[in-house]
Amino acid sequence: MSTELPAKEQHKMNYVPGTASLIDDIDKKHLVLLRDGRTLIGYLRSIDQFANLVFHQTVERIHVGKKFGDIPRGIFIVRGENVVLLGEIDVDKPCDTVLQQVSIEEILEEQRLQQQAKQETEKVKMQVLKDRGLSVPKADNLDEY
């Protein structure tokens with residue numbers, strides 16, 4: 001009579017709940033998407049019970065269209081409640097992206113132009129709504145959370 005557990009049961013025994021499951025990910029390269037929309041890439045160095053993260057050799061990656069730029073940020077501490085997504089980056093896998101890396105200055109200018117265009121679009125939308133007798137209260141996005 002075999003005493004081995006089925007594969008499904010063995011998996012449950014190896015599962016560690018909560019942030020302790022990230023212990024194996026320390027010293028590996030990760031991408032983090034923050035609640036404010038920023039994207040960080042760096043090496044996970046530390047984590048605590050609140051999912052606060054410490055990254056080393058961190059860069060902030062800005063995407064605009066098919067271009068991206070990396071801004072060096074060094075050591076970066078992220079409060080756990082601001083993490084939307086955390087994923088390991090496979091550094092051994094070749095990059096087959098169609099994105100073009102540009103200088104920091106160029107990506108910041110592209111981002112500024114994109115934000116300016118978005119603001120203009122919002123202005124037009126608000127004016128159209130106003131012309132139709134509708135008003136939409138402007139909400140502070142950060143207070144929604």
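Start with Arg73 and Glu60: their side chains form a salt bridge, 2.7 Å from N to O. By salt bridge I mean a side-chain nitrogen of Lys or Arg within 4 Å of a carboxyl oxygen of Asp or Glu. This pair joins distant parts of the chain, with Arg73 in strand 4 (residues 67-78) and Glu60 in strand 3 (residues 53-64), 13 residues apart. Helices (H or I, at least four residues) and strands (E, at least two) are DSSP runs, numbered from the N terminus. Arg73 is partly exposed at 38% relative accessibility, while Glu60 is buried at 8%. The cut-offs: buried is under 20% relative accessible area, exposed is over 50%, and partly exposed is in between, with a 1.4 Å probe and protein chains only.

A word on the source. This is a predicted model, where local features need pLDDT of at least 70 and side-chain atom pairs count only at pLDDT 80 or more, while totals for chains, interfaces and linings use all residues. Residues are numbered from 1 along each chain as its sequence is written, and side-chain values use heavy atoms, with hydrogens and water left out.

On confidence, pLDDT is the predictor's confidence in each residue, from 0 to 100. The chain has a mean of 85, and 81% of its residues reach 70 or more. Helix 1 (residues 7-14) has the lowest confidence, at a mean of 55, and strand 1 (residues 29-34) the highest, at 96.

Back to the charges. Side chains of opposite charge can pair when their charged atoms come close. How many salt bridges does the rule give? The count is nine.

Arg38 and Asp36 make one of these, with the closest N and O atoms 2.8 Å apart. Both ends are partly exposed: Arg38 at 32% relative accessibility, Asp36 at 45%.

Next, helix 2 (residues 104-131), which holds both Lys125 and Glu122, three residues apart, about one turn of the helix. Their side chains meet in a salt bridge at 3.8 Å, N to O. Lys125 is partly exposed at 47% relative accessibility, and so is Glu122, at 38%.

Which residues form a network of salt bridges? Lys67, Glu106 and Glu110 are linked in that way.

Last, the backbone. Most residues other than glycine have a negative phi. Ala51 has a positive phi of about 65°. Ala51 sits in the loop between strand 2 (39-47) and strand 3 and is partly exposed, at 22% relative accessibility. Gln57, also not a glycine, has a positive phi of about 55°, and Gln57 lies within strand 3.
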